[in-house]
Structures are given as C-alpha cells and as structure tokens.
Amino acid sequence: MLFIRSQLADLIMYLLIAVMGILFAPAAMWSRGGAYWAIKVFCRTYFWVLRMLCGLKIEIRGEIPQGDVIVASKHMSFLDVLMHAYALPRVKFVMKRQLRWAPIVGLYGMRIGNAPVARGKKGGAVRQLVKDIQADSSNAGQLVIYPQGTRVLPGSTKPYKVGAGVLYTRMDKVCVPAATNTGVFWARRSPYRYPGTAVIEYLPPIEKGLKLETFMERIEDVVETRSNALMAEAGFVRTPEA
C-alpha cells in the first residue's frame, strides 16, 4: 500500500507541475514576484498531498535566512529543493546547466535567477558561475548551493567540493549552513515516500572573511553533524557499511 501511495504522490506531483506550471506561466512571465508566488503555491499544495497520501510532514527549523546570502545545504532529495523553495523568500539555486531546457522547471528556474553551472568543468565552471551571479547583482536573494554537488543517501559520505567555498570567498557574503534529514523519507531513486517529519534546519550564519580552507572545514562539520543528528532523530540508524 505504501508503494501505491508513493507512486500516486509522484504522479500527482508531475501533474501539478504541468497544470500549475502552465496556468501560472503568465504571472511568472509578468514579474519575478509572480514566479515566486507560483512556486510557493505549488510547494504548499504538494506538501499537503504528501501529508494526506504518505503521512509525510514538512518542518522548517531555525531562523529563515533573509537578504543577500549564500545558503550551503545538505542535499538528499528533491524534497529539500522544494522545502528551500517554499521557505526562502527570494530563493535561487545553483543548478545543472542542462536544467535550463527542462520543460516548465527550466522556465521557472531561470525566471527566479537560478545560476546554471556546467558540471565536470571544475575551475572554469566556478569562475563562470561567479561571473553570472555578479552580472545579476540586482536580483538579491538567498542563493542555495549544495556543496557535495549531488543528492547523498542517508549514512553515506561524499566529499565537499570547493565550489561553495569559492563563491563564499569571491562574493564576500555571509553563508547560512542548512542541515536536513529528507533522505530518510525520500531517498535518491527510491520509489517510496515514507511517513514521518522531513526537516530542514537553518543553522547560525558563518561570517564573512574566512579563508577558503577554514570555511570548507567549518561548513562540512556543522552541516554533517547536524544532518546526522536530524537523521538519528527521525529513527535512522547508521550501519557500519554506510
């Protein structure tokens, strides 16, 4: 039964993206504020679907970042993308360049100022990313970057890439770490959406001006430590193999 409910929730998500994406497109094209409104209405509607069908609730903890900051977040699921999009007032994401051409998602992503990055090009990609963000400096908001570069399964480890640190040092902005346990309930490539409470927690900001190595050590420590605590709170037990 959980499998059927989970698949139904996924089906409804795609239908909502298609239907709401098309219906709200005029508002999104009219203004960036209209795009944010449409995204948040979609997220709120889908969170209700998850709660009703799968018993999966959403909780945002900590002080929600405001203003022009970087948010360096643990990434475990598409769900944490939706939670950031709902919680942050002027969110924009560092996203894979290919997603610019994704139907509907690409339109809304570019409309709110998402910053595309070419994966695999390393230093050149990061330099171009910084240029793109600085060229759109009038669009101040909360820039979400996933330092590990991809979704990570609960209990697994993956190194933190230097891109987040380069953005932090070159753009001279405060960075807000964010921890999550979303992968416990909606893991990468899993067909199940388990009941429980998915949490994103915004942690105390990291001040400007740290050296790159110091920043990378701190961001990994605080995000991993708190994400592990949230997963344990949700009942996840790390095995020796994980």
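Colleague: Happy to begin with a pair of helices: is the crossing of α3 and α4 left-handed or right-handed?

Modeller: Keep in mind that this is a predicted model. Helix α3 covers residues 32–54 and helix α4 covers residues 78–87. Their crossing is left-handed.

Colleague: And how are α3 and α4 oriented to each other?

Modeller: The two helices pack with their axes 9 Å apart, at an angle of about 130 degrees. An angle over 145 would count as roughly antiparallel, and 65 to 115 as roughly perpendicular. α3 and α4 are therefore oblique to each other.

Colleague: Which residues in α4 meet α3?

Modeller: From the α3 side come I39, K40, F42, C43, R44, Y46, F47 and L50. The residues of this contact divide into eleven nonpolar, no polar and two charged. On the α4 side, the residues are L79, L82, M83, A85 and Y86.

Colleague: Stepping back to the whole chain, what is its radius of gyration?

Modeller: The chain holds eight helices and seven strands. The globule rule gives 18 Å for 242 residues, and the chain's value is close to that, so it is as compact as a globular protein of that length. Its C-alpha trace spans about 50 × 50 × 35 Å along the principal axes. The radius of gyration is 17 Å.

Colleague: What percentage of the residues in the chain are buried?

Modeller: Buried here means under 20% relative accessible area. Of the 242 residues in the chain, the buried ones make up 49%.

Key: Residues are numbered from 1 along each chain as its sequence is written. This is a predicted model: local features need pLDDT of at least 70, side-chain atom pairs count only at pLDDT 80 or more; totals for chains, interfaces and linings use all residues. Side-chain values use heavy atoms; hydrogens and water are left out. Axes are lines fitted to C-alpha atoms, for helices over the stretch in contact, and angles run from 0 to 180 degrees between N-to-C directions. Helices (H or I, at least four residues) and strands (E, at least two) are DSSP runs, numbered from the N terminus. Angles under 35 degrees count as roughly parallel, over 145 as roughly antiparallel, 65 to 115 as roughly perpendicular and the rest as oblique. A crossing is left-handed if the near helix is turned anticlockwise from the far one by less than a right angle, and right-handed if clockwise. Contact means heavy atoms within 4.5 Å. Ala, Val, Leu, Ile, Met, Phe, Trp, Tyr, Cys and Pro count as nonpolar, Asp, Glu, Lys and Arg as charged, and the others, Gly among them, as polar. The radius of gyration is taken over C-alpha atoms; the globule rule is 2.2 Å times the number of residues to the power 0.38. Buried means under 20% relative accessible area, exposed over 50%, partly exposed in between (1.4 Å probe, protein chains only).
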